[in-house]
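Morning, everyone. Please have the sequence and the 3D view open, and follow along with me.

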Amino acid sequence: MPRPPTLPVLDWKSIYSSAKTWEDWLEAAESDEKATRMRERYESLEVPEECAKLIGQISSPVHVIAIAEDWCGDVVRHAPVMARISTSSPHIETRFISRSDNPEVFARFLTNGGEAIPKFIFLNETFVECGNWGPMQADCRLWVAKGKAIGDVSAGRAKVREIYQTDPACRVAFEELCALVELAGATSIE
């Protein structure tokens, strides 16, 4: 059996260092309207209590690289969630990159073979990859996959819209993202 190709090692620290902060990324947005919507969304979001407890226990640096572009509706919904988590702790920082400027990174994080954003890559204090999330919460990814399986992606997307409408505070996304922050910030197996 042939061996799969070995992917080149990425220099996560360098990629992170060259990425944009939340504010710089918003300033560089293609759409002022979408940037404004994300700023407003960020201001309106509150970290749920159980997530705040997890975040409060983080004592080592957690680096998050967000592959995101402001034209995408899922980015408009979820980038402010990740930004809110980041600003809730001095130990968590998120930086933003684009697909086109970092194709070698994005190629590793396709969703079912397709290009979907946002993707959040969670790195520990030594820039070891600990997990990734996106382009949406797990139950929504399942609905889109079911839609693809039956040849009706629009039906899957309709289910996603319903879920988004019933969770305007993004509680599920907060929970999933905070679990990955906790993983990347772990200092012991306990």
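Start where helix α7 meets helix α8. On the α7 side, the contact residues are Asp139, Cys140, Trp143, Val144, Gly147 and Lys148. On the α8 side, they are Val153, Gly156, Arg157, Lys159, Val160, Ile163 and Tyr164. By type, the residues of this contact divide into seven nonpolar, two polar and four charged. Keep in mind that this is a predicted model.

Now the geometry. Helix α7 covers residues 138–149, and helix α8 covers residues 153–166. Their axes come within 6 Å. They cross at roughly 160 degrees. Angles over 145 degrees count as roughly antiparallel, so that is the label for α7 and α8. And the hand? The crossing of α7 and α8 is right-handed.

Next, helix α5, residues 73–86. How many of its 14 residues are buried? The count is 13, so α5 is largely enclosed by the rest of the structure. Buried here means under 20% relative accessible area. At 1.5 Å a residue, its 14 residues should span 20 Å. The end C-alpha atoms of α5 are 21 Å apart, which agrees.

Last stop: Ala179. Where is it? Ala179 sits in helix α9, residues 171–184. Its relative accessible area is 38%, so Ala179 is partly exposed. Now find Glu40. Along the chain, Ala179 and Glu40 are 139 residues apart.

Note on methods: Residues are numbered from 1 along each chain as its sequence is written. This is a predicted model: local features need pLDDT of at least 70, side-chain atom pairs count only at pLDDT 80 or more; totals for chains, interfaces and linings use all residues. Side-chain values use heavy atoms; hydrogens and water are left out. Axes are lines fitted to C-alpha atoms, for helices over the stretch in contact, and angles run from 0 to 180 degrees between N-to-C directions. Helices (H or I, at least four residues) and strands (E, at least two) are DSSP runs, numbered from the N terminus. Angles under 35 degrees count as roughly parallel, over 145 as roughly antiparallel, 65 to 115 as roughly perpendicular and the rest as oblique. A crossing is left-handed if the near helix is turned anticlockwise from the far one by less than a right angle, and right-handed if clockwise. Contact means heavy atoms within 4.5 Å. Ala, Val, Leu, Ile, Met, Phe, Trp, Tyr, Cys and Pro count as nonpolar, Asp, Glu, Lys and Arg as charged, and the others, Gly among them, as polar. The expected span of a helix is 1.5 Å times one less than its number of residues. Buried means under 20% relative accessible area, exposed over 50%, partly exposed in between (1.4 Å probe, protein chains only).
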